[in-house]
Amino acid sequence: MRIIVTGASAPVRQGLHLLLSAVDGWHVEQLRDVDHRAGRARLRRADLLVLDLDPWPNGLTPLRRLALGRGTPIVALVTSATEARVRDALRAGAVACLAKERVAEDLVDAIVSATSPHP
Amino acid sequence: MLDERRLRRALDVGQTVVSELDLEVVLQRVLDMARDLTGARYAALGILDRERKGVERFLTAGIEPDVHRAIGDPPHGRGVLGLLIADPRPLRLDDVSSHPQAYGFPVNHPPMRSFLGVPVLVRGEAYGNLYLTEKQGGDAFDEGDEEVMVLLATWAGIAIGNARAYTEEQERRAELERAVRALEATTAIARAVGGETDLDRVLELIAKRARALVDARDLVIVLREGDEMTVRAVAGEMGRDLLGTRLPLEGSISGHVLRTRRPERLAQVSSVLRHSLSDAGAARTGLFVPLVFRGRPLGVLSAYDHAGGEEFTAESESLLESFAASAATAVATAQTVAAEGLRRSIDASERERQRWARELHDETLQQLAGLKVLLSGARRSDDAAAVREALATAIVQLDDGITELRRLIADLRPAALDEFGTKVALEGLIERVAETSGLAIDLRVDLDFDEGRSEERHPAELEDATYRIVQEALTNVVKHSGATRVQVAVVERDRRIEVTVRDDGRGFDVEAPVEGFGLMGMRERLELVAGTFSVESAPGEGTTLTATLPVVAGRPGGAAAGDGRAR
């Protein structure tokens, strides 16, 4: 599975890359700028996107745009997973929204769930 | 017939009588003159009541006080005396007791035979009757006696009229003077308070003025605060340590006055009060007047002991009541301003807290969350090189976080401001802003304390406000101006601190309807220290912000005079 992690924070991208690369069969790439031409090409090949929405609410705009594309599932990450923020992220097109502090515990399961065919 | 000697004497008497303005003196003098002119042993003046049907007062001459007491009640105007009331014409009798309408004399009354009565008219209306009895030598009163008495009664009528007019005039004058004093009392507080809106200062002025107005040894102002009352101002000999003393509404005279909204005058304060401030000053008498504004009792003015030693009079009560009506308006106004100031202060604090919460979330919390993601990934990785790289990134991230936290803490309350004062704190601020923004910033600080012209630092609130104004102005420059150079001047002159921040940025239209949050925050911060500010700008011409902060001992932020810190 090809996963692209993207967002404004380099340490977050780096950490996500390390975390998800540890899963067998997952190929993970970092993408700093989703609007870059080369970036768009890589996005088209991805099976799933992990998008850091911080600094809130800056990530909502690219999330909406990416969600309108070819239907690649997007898992959103936020620092404070308040009910309002999670709701905003889901309405913007994310299939899941996680707090960053729960990434180590929940992100892999969230990705598996998001990419599994629904019964 | 009236001989020339008695006519002259009657004329002299007339002059003497009409020149007198004291009514009681006039009446007594008429009686004495009547006896003198006619040789009567006894003279009396019966003053008619309002209906002119009976005698209201009965004044006598020639009867000793002990005889008076022995006779008892004065006559009421019946019998022979009543004849003149019913028919006000002179009446002469050889033997009064033989007249068919005579009632006879009461026990212990001296014997009286001859009688002469004449009516006294004042401005054409019956005033009373002049009675003479017992002409010396046992003779009856003759026609000459009657003529001279009619003449004297005429003089008496004029004199009584004059004296009454004079008395009425005096009373009107006294009434007018009371009205003027009451008016002065009400305007005095308005003049004294002027534009003052600081509640403590207003109460202090009211206490001093009220004390002087009723000449009290002490004057205390208590204000209602919830279910209690608190001493908020003291003038006179009672010590300021009374300030803050709480009194219950129940069982205290102030509470009673507050509830009834009626003034009280007490001759023996300590015997009446269970909860009294009088103990503090061993007060004897008291005058308590409520402060009522639009039907709402705010507190009580309590005056203790008249300086002259006597009790407070009804006039003092009336004066203090008039004064209290005006004072209550000043107190209510100051209370409103204080509440509004507190509300603004709370609002400003709330916005400040929100800003810090936002900054902490957007900066520090996000950095920590990112760090956790990074380290969580590193822990799962088997790639040693990648882990080392992640640790290096984490250390950089930590350094950035520490720097950011330090900036936030410095913004919250720069340590230098407490420790070294405004100048050093501003120098540190300028250095930080210049470093992070790349702006070229010139700073000029000329404050009395820093330049050695004063031994005392300004109150903390004023130092803080000065620092914050510069800080917020620079934040605006960095965010909005696009400037490359900024000049900051903080100069103290004539008990004012003037802050000027001038940039060479793009400027803006000051007439534009929307005021940015930064300017609004500065305006509110300045209002809290009674300061003002103005902005000069135009598109393409940079911006100059000028803020003026008054240096009034103990005033900025309501701090006490003693808050100024010495070197």
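Modeller: B:Leu360, B:Leu405 and B:Ile409 form that nonpolar patch, with about 260 Å² of accessible area together. Patches consist of residues with over 30% relative accessible area and no salt bridge; nonpolar side chains (Val, Leu, Ile, Met, Phe, Trp, Tyr) are joined within 5 Å, like charges within 9 Å. Areas come from the Shrake-Rupley method with a 1.4 Å probe, and for residues only the protein chains shown count as cover. A salt bridge is a side-chain nitrogen of Lys or Arg within 4 Å of a carboxyl oxygen of Asp or Glu.

This is a predicted model: local features need pLDDT of at least 70, side-chain atom pairs count only at pLDDT 80 or more, and totals for chains, interfaces and linings use all residues. Residues are numbered from 1 along each chain as its sequence is written, chains are lettered from A and ligands numbered from 1 in the order in which they are written, and side-chain values use heavy atoms, leaving out hydrogens and water.

Helices (H or I, at least four residues) and strands (E, at least two) are DSSP runs, numbered from the N terminus. B:Ile409 has a relative accessible area of 54%, so it is exposed. Buried means under 20%, exposed over 50%, and partly exposed in between (1.4 Å probe, protein chains only).

Most residues other than glycine have a negative phi. B:Arg294 has a positive phi, near 50 degrees. B:Arg294 lies in the loop between strand E10 (286-293) and strand E11 (296-306). Its relative accessible area is 77%, so B:Arg294 is exposed. B:Arg495 also has a positive phi, about 60 degrees. Its loop joins strand E13 (485-493) and strand E14 (496-503). At 49% relative accessible area, B:Arg495 is partly exposed.

B:Glu125 belongs to strand E5 (residues 125-135) of chain B. At 45% relative accessibility, B:Glu125 is partly exposed. B:Arg52 is 73 residues away from B:Glu125 in sequence, yet 9.6 Å away in space, C-alpha to C-alpha.

Now chain A. Most peptide bonds are trans. The bond from A:Asp54 to A:Pro55 is cis, with omega near -5 degrees. The bond from A:Trp56 to A:Pro57 is cis too, with omega near 5 degrees. A:Pro55 is in the loop between strand E3 (48-52) and helix H3 (60-67). A:Pro57 is also in the loop between E3 and H3.
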